[in-house]
Amino acid sequence: MDIKLKNNRKTRSTLAVLGILVITIITTCFFPAINQAAGKRLARMSENAELEQELDTTVLDQLYTGCYVLYMEAMQREGATTASEVYLEASYPQNDEEKASYVNDLVYAVDDTMDMLSGSFENYRAEIDYCIRRQDGTYEKNTSQPLEQLFSGVGKETENQLIQHYSIYFVLHFDENGILTTEPLYGDNVDADMLIKAMGQLTREYDIWGNLREEYGNLGITCSMKEPSGIDIVYAIPRTGDYQLVSTDYENSADYWTILRVYAEEGGQLLYLAALVMVVVLVFVMTSSKIWKCDIELHRPGNWYLMEAACIGVLCVLCLGDSFFDMLYKWSVSIENIRLNQTSGGMVDAFMDLAVIDLGLFCIYGIWYLSIRFIRPVFALGVREYIREYSFFYQIFPWIKKQWEKFKHEVNHIDFSKNSIKTIIKLVVINFVVLALCSTMWFFGILMLVIYSVILFFIIENYYSKVQFYYQALLRGVNRMAEGDLDTEITEDFGMFEPVKGELAKVRTGFKKAVDEEVKSQRMKTELITNVSHDLKTPLTAITTYVELLKKEDITEEERRSYIDILERKSLRLKVLVEDLFEVSKATSNNIKIDLMDVDVINLMKQVSVEHAEKFAEMGLDLRWNVPEEKVILALDNQKSYRVFENLFVNIQKYAMPHSRVYIDLKQENGQVEITMKNMSAMELNVRPDELTERFVRGDASRNTEGSGLGLAIAKSFTEAQGGYFRVEVDGDLFKVVIVFKA
């Protein structure tokens with residue numbers, strides 16, 4: 001059944017196209033009669049001077065300047081070499097070298113002007129025929145047509161031949177003094193007096209050499225510029241050429257609308273209406289259930305809401321009457337061209353014009369058919385149901401409502417952190433539309449403005465109340481924070497102040513973080529004082545004790561040397577502690593000086609490990625290297641990098657579990673070099689990894705091991721100062737340090 005319906009629909013569509021084609025053909029069958037009647041009326045109007053003729057001044061200008069080009073070429077064949085030799089005579093004081101240079105410039109200007117005129121005339125001489133008669137009676141022409149006979153008179157046969165080939169031809173006579181006279185010989189719908197007056201006006205207004213005379217005359221040079229003289233030129237414009245003396249741009253002339261009115265009154269209007277009626281009948285035939293003996297689907301096809309498009313199509317077709325009358329006129333012109341043309345190219349062009357006209361008619365009738373076809377369901381569905389199904393604007397009502405609600409929410413929740421120009425523009429546009437509608441109602445518009453003002457008052461009053469409500473909610477949230485409540489999250493709706501909620505959340509988070517940092521800072525200060533006091537006091541106490549012992553006279557030389565060794569170790573311990581404090585102080589103030597150079601980082605690590613090999617061997621630590629065989633060169637500070645790795649190896653030998661393995665890995669990927677050192681801790685690590693890199697923090701919480709607690713802090717500072725990344729990770733008793741440098 002579905003296949004049958006589809007075939008039925010396809011058949012009706014095919015028949016509809018054929019029907020429109022038949023109506024197009026029927027329409028064109030009436031064109032000859034209308035063209036004949038309109039042509040006779042236009043001829044009578046032309047005789048009664050009811051139609052104004054308009055000559056194409058652009059073509060006339062080119063023909064006139066072409067006389068200068070043709071005369072120059074004729075003189076060059078008789079011996080002249082340049083345009084300045086033909087047209088220029090200049091006089092100046094022979095002893096004035098400056099003016100002599102001006103004359104050279106003038107010669108160049110004349111030659112350049114004629115070159116420009118020749119280039120412009122070149123396009124026209126390819127389309128327009130001409131014949132030149134010189135003083136000696138010789139001829140020169142660019143066509144095989146017998147134009148030279150026009151100088152002495154032509155026979156009837158030759159005249160008919162020329163008339164059939166040319167739409168107009170005339171002679172321009174230049175006497176010995178260069179004075180021009182025009183002799184019209186033939187022209188379709190061209191008044192001879194109009195042509196003579198147009199050429200006369202052209203010679204008076206178009207002075208080719210005027211600017212040069214004025215410019216060089218002001219320099220004291222007398223310019224005598226010649227005009228073409230002693231020459232006759234016949235111009236003949238072919239009917240099939242692109243350039244015509246009578247303007248074909250009818251759309252820009254009053255004549256065009258007069259011609260269309262004539263074609264409309266002589267049957268064009270009646271024919272157009274009859275064609276549209278035939279298309280309407282075709283629509284009802286194609287949608288008739290009785291004729292096709294089946295139900296014709298008149299509901300909307302898919303999601304195509306075509307009511308507005310159909311209405312626009314109807315209006316467009318009804319307004320295309322002038323285009324139809326224009327097709328009538330151009331159809332007659334094309335038929336005339338076919339009748340007069342003798343060349344295959346011209347015939348093809350004329351037939352192409354006819355095809356374009358017929359195609360235009362087919363398109364107009366097609367648009368009319370589709371428009372009526374989609375208006376037709378209104379008779380079956382009813383106006384209300386038809387609008388509901390076919391109207392696009394009806395479908396966007398919910399969308400408009402949604403946009404209105406969105407706009408209200410946008411106004412009530414203005415984000416002052418962003419540009420509100422769009423919202424303001426929307427408000428201004430809505431206000432403008434309302435005022436514009438009121439202004440179109442004359443007296444009743446005042447009443448509408450009063451009603452609009454009352455409504456606007458209540459809208460603003462309601463909006464102001466909401467602003468107050470949201471403002472009070474904002475104040476309550478700020479007051480809670482001011483009273484120290486930094487834990488309660490703000491959940492109230494702030495309306496237009498909603499963006500402030502996010503900022504308040506950031507402030508609350510920032511305050512909490514600041515308080516936590518301050519608490520941590522106070523704790524660290526307390527620990528710092530305790531740790532520094534302990535770390536400085538221990539060697540100082542030892543130094544003081546052994547100094548007192550050295551003061552005794554009853555000690556042996558062996559004891560004295562022992563005491564001095566102990567003093568040296570303690571002083572060196574105190575020196576290292578002070579140096580570490582100094583390094584950390586510089587790192588904190590970003591006062592570390594970095595001297596970058598190419599460093600083989602693998603060789604550097606192995607060099608540091610060699611210096612600690614003896615200590616590692618005593619502890620039974622087994623170093624496992626997983627590094628590339630080749631060198632890994634990085635741009636680093638050699639001394640600072642050495643200190644980083646030394647601190648890490650010292651940290652390993654202090655806290656690593658004896659008789660365990662230490663892993664040192666290096667890998668390169670994604671443009672980075674990652675160095676990893678892993679060891680098992682000898683004691684439980686109950687300190688967070690991030691705290692291990694803080695100052696004076698040790699894995700040995702009892703502080704029984706030697707060291708300042710600054711080793712990892714210094715290593716991290718020096719790594720970051722060289723553009724690297726330093727991270728400590730703890731997994732149970734596994735202690736891992738990760739260093740990343742850019743390759």
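A polar contact is a pair of N or O atoms within 3.5 Å; within protein, one must be able to donate a hydrogen and the other to accept it, and residues adjacent in sequence count only if both atoms are side-chain atoms. I wrote that down first, ready for helix α24.

**Ground rules.** I am reading a predicted model, where local features need pLDDT of at least 70 and side-chain atom pairs count only at pLDDT 80 or more, while totals for chains, interfaces and linings use all residues. Residues are numbered from 1 along each chain as its sequence is written, and side-chain values use heavy atoms, leaving out hydrogens and water.

**Entry 1, helix α24.** I looked up α24, residues 638-655. Helices here are DSSP runs of H or I with at least four residues, numbered from the N terminus. At the start of α24, a side-chain oxygen of D637 comes to within 3.1 Å of the backbone nitrogen of Q639. The 18 residues of α24 reach 26 Å from first C-alpha to last, close to the expected 26 Å; the expected span is 1.5 Å times one less than the number of residues. Is α24 enclosed or open? It is largely enclosed by the rest of the structure, because 13 of its 18 residues are buried (buried means under 20% relative accessible area, exposed over 50%, partly exposed in between, with a 1.4 Å probe and protein chains only).

I followed helix α3 (residues 57-77) to helix α5 (residues 97-125): their axes come within 9 Å and cross at roughly 115°. Axes are lines fitted to C-alpha atoms, for helices over the stretch in contact, and angles run from 0 to 180 degrees between N-to-C directions. Among the residues that meet are Y68 and L70 in α3, and L117 and F121 in α5. Contact means heavy atoms within 4.5 Å.

Next I checked helix α7 (residues 192-205), which packs against α3 at about 65° with the axes 11 Å apart. L60, D61 and Y64 of α3 make the contact with L195, A198, M199, L202 and T203 of α7.

Where does N35 sit? I found N35 in helix α2 (residues 31-47), and N35 is buried, at 9% relative accessible area. Beyond its neighbours within four places in sequence, N35 touches Y263, L328, W331 and S332. R12 lies in helix α1 (residues 2-29) and counts as buried at 12% relative accessibility. I also noted that R12 and V285 are 273 residues apart in sequence and 9.6 Å apart in space, C-alpha to C-alpha.

Notes:
Helices (H or I, at least four residues) and strands (E, at least two) are DSSP runs, numbered from the N terminus.
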